[in-house]
Amino acid sequence: MSTIDLEQFSKYSKPGPRYTSYPTALEFSTDFSYDSYIKYLQNGKEKLSLYVHLPFCRSACYFCGCNVVFTSKEEKLSRYIEYLKKEIDLLASHLDTSREVIQFHFGGGTPTFYSAYELDTIMEYLKSKFTNWSDDAEISVEIDPRFFNEEQMKVFAKHGFNRISFGVQDFDEKVQKEIHRIQPYDITKNAVDLARKYGIDSINIDLIYGLPYQSFESFKSTLQLAFSLDPDRLAVFNYAHVPWMKKTMRKFDETTIPTPDVKLQIFQYTIDFFEQNGYKMVGMDHFAKPEDELFTAIKKGELHRNFQGYTTKGGANLIGIGLTSIGEGARYYAQNTKDMKSYEESIDNGRLPFERGVELSDDDYIRKSVIMELMANFSIDIARVETQHGIKFDEYFADALQELQEFCDASLVQITPTKLTVSPTGTLLIRNIAMPFDAYMHQYSGNKKSFSKTV
Ligand SMILES: C[S@@+](CC[C@H](N)C(=O)[O-])C[C@H]1O[C@@H](n2cnc3c(N)ncnc32)[C@H](O)[C@@H]1O
Ligand code: SF4
């Protein structure tokens, strides 16, 4: 990748969505009714992707933007399992649970805050209701290496887990102290070794750049240490700083957070580092070895983006189970309540804990396909979009194309009658390049407290 003009790039630093969904979660509302959601569940025929949210963590990592409940009370943990089981029963009464399950993910919080026995209980229960698991289903869990033991790994192996994602964020001691997450290298290494011992051959490591006290030099060491673990994939996230939404982020002295130009320098180095060491970039913030199935999917134009990142399993109906979890169908997003009391009350009343969501209009549907293609493949197959949706691309997206002109002028985007292509340097600004296609964006343009910064 050519060296970027940092000054030119810093001007693009503005609030923008990460596009794990379109419309984004800001558009989720109670206008999408419970009855409509149930109809989607009843009528769905697609294969299933199941997501189970286990929200508990022992202590707060100050940077964390996830939906988390802090506790150390075993009573709360086991009570939640009882409610999960009831939620699964309710789901089974509304949808055909013999539909094939092609993907499963345990997310958090910290799923391994639960004991091996408890994790096994949840999996057994789920499998007793959802009975048709594909032989090559992708079964994954995100693990905090500080809470992970062999008994838990045995349970994952027993249930056919084949992907594990480990949270690291940064190996530097000073950064770890500041973010309130002390995690010596050996803890991570032992966790990775344990997963490999049980045959997990897709191991991902999460890092974050843009954290307090990170410098170009310190992050270089973090990359080297991450590389030494030989992960199959890496996610290197741009730190989303949203202190108006997450109280713990207010603990940071903002003057210690790297500036946009340092962040860009770090990320450009990250791309070069991994490319020189046998990895390729996938989508916005992921890297993988060239033999990874993600690249085969890119070649076929079949890479998809969802709430867990990038996947080859597109087109499945995602069913969210547990507090705050999000489900997705071709024409809707549905989110469970974030409040534990309402979650329990709903289930006690025999209703799914669904709270809000959005039904996609035809326009949302078209824009979703364009934005997701851009986020996954860094290009848009204009000819395909026209055929699939029966539109004239340059007419339908006249406003967007006009807004994109500045990126074309800077050689960050190239547009021909059949294809829109983002240059390698332009990929660093992929959120900015997707934003002109977002019909809701103008509502937020003056509002600094909507999304995290793109750079
Ligand atoms: C639910 S957490 C990971 C699971 C596990 N609890 C752990 O911490 O290892 C998912 C990932 O989201 C990323 N993440 C969390 N907060 C973030 C933020 N504010 N900005 C960017 N990435 C963030 C982190 O890399 C984290 O590993
Ligand atoms: S980063 Fe992981 S362990 Fe830390 S608070 Fe967030 S979910 Fe919990």
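Modeller: Axes are lines fitted to C-alpha atoms, for helices over the stretch in contact, and angles run from 0 to 180 degrees between N-to-C directions; helices (H or I, at least four residues) and strands (E, at least two) are DSSP runs, numbered from the N terminus. This is a predicted model, in which local features need pLDDT of at least 70 and side-chain atom pairs count only at pLDDT 80 or more, while totals for chains, interfaces and linings use all residues. Residues are numbered from 1 along each chain as its sequence is written, chains are lettered from A and ligands numbered from 1 in the order in which they are written, and side-chain values use heavy atoms, without hydrogens and water.

Biologist: Why is α8 called roughly parallel to α9?

Modeller: Helix α8 (residues 216-228) packs against α9 at an angle of about 30°, with the axes 10 Å apart. Angles under 35 degrees count as roughly parallel, and therefore α8 is roughly parallel to α9. α8 also passes α9 in a right-handed crossing, a name used if the near helix is turned clockwise from the far one by less than a right angle.

Biologist: Which residues in α8 and α9 meet?

Modeller: Contact means heavy atoms within 4.5 Å, and among the residues of α8 that meet α9 are Phe 216, Phe 219 and Phe 227, while Tyr 269, Phe 273 and Phe 274 are among their partners in α9. By class, this contact of α8 with α9 has eight nonpolar, three polar and one charged residues.

Biologist: What makes α4 roughly parallel to α5?

Modeller: The axes of α4 (residues 116-129) and α5 (residues 150-158) come within 8 Å and cross at roughly 15°, so α4 too is roughly parallel to α5. The contact of α4 with α5 has four nonpolar, one polar and four charged residues, including Asp 120 and Glu 124 in α4 and Glu 151 and Lys 158 in α5.

Biologist: How many cavities of 30 Å³ or more does the structure hold?

Modeller: The structure holds one, and the largest cavity has a volume of about 170 Å³. The lining of this largest cavity has 16 residues, of which Tyr 209, Asn 238, Phe 267, Leu 428 and Thr 454 lie nearest its centre. Strand β8 (233-238) and helices α9 (260-276) and α17 (430-434) each supply at least two residues of that lining.

How values were computed
Parallel < 35°, antiparallel > 145°, perpendicular 65-115°, else oblique. Nonpolar A, V, L, I, M, F, W, Y, C, P; charged D, E, K, R; others polar. 1 Å grid on protein atoms, 1.4 Å probe; cavity = no way out; pocket = protein on both sides within 12 Å on 5 of 7 lines; lining within 4 Å. Points joined across faces, edges and corners; volume = space filled by probe spheres on them.
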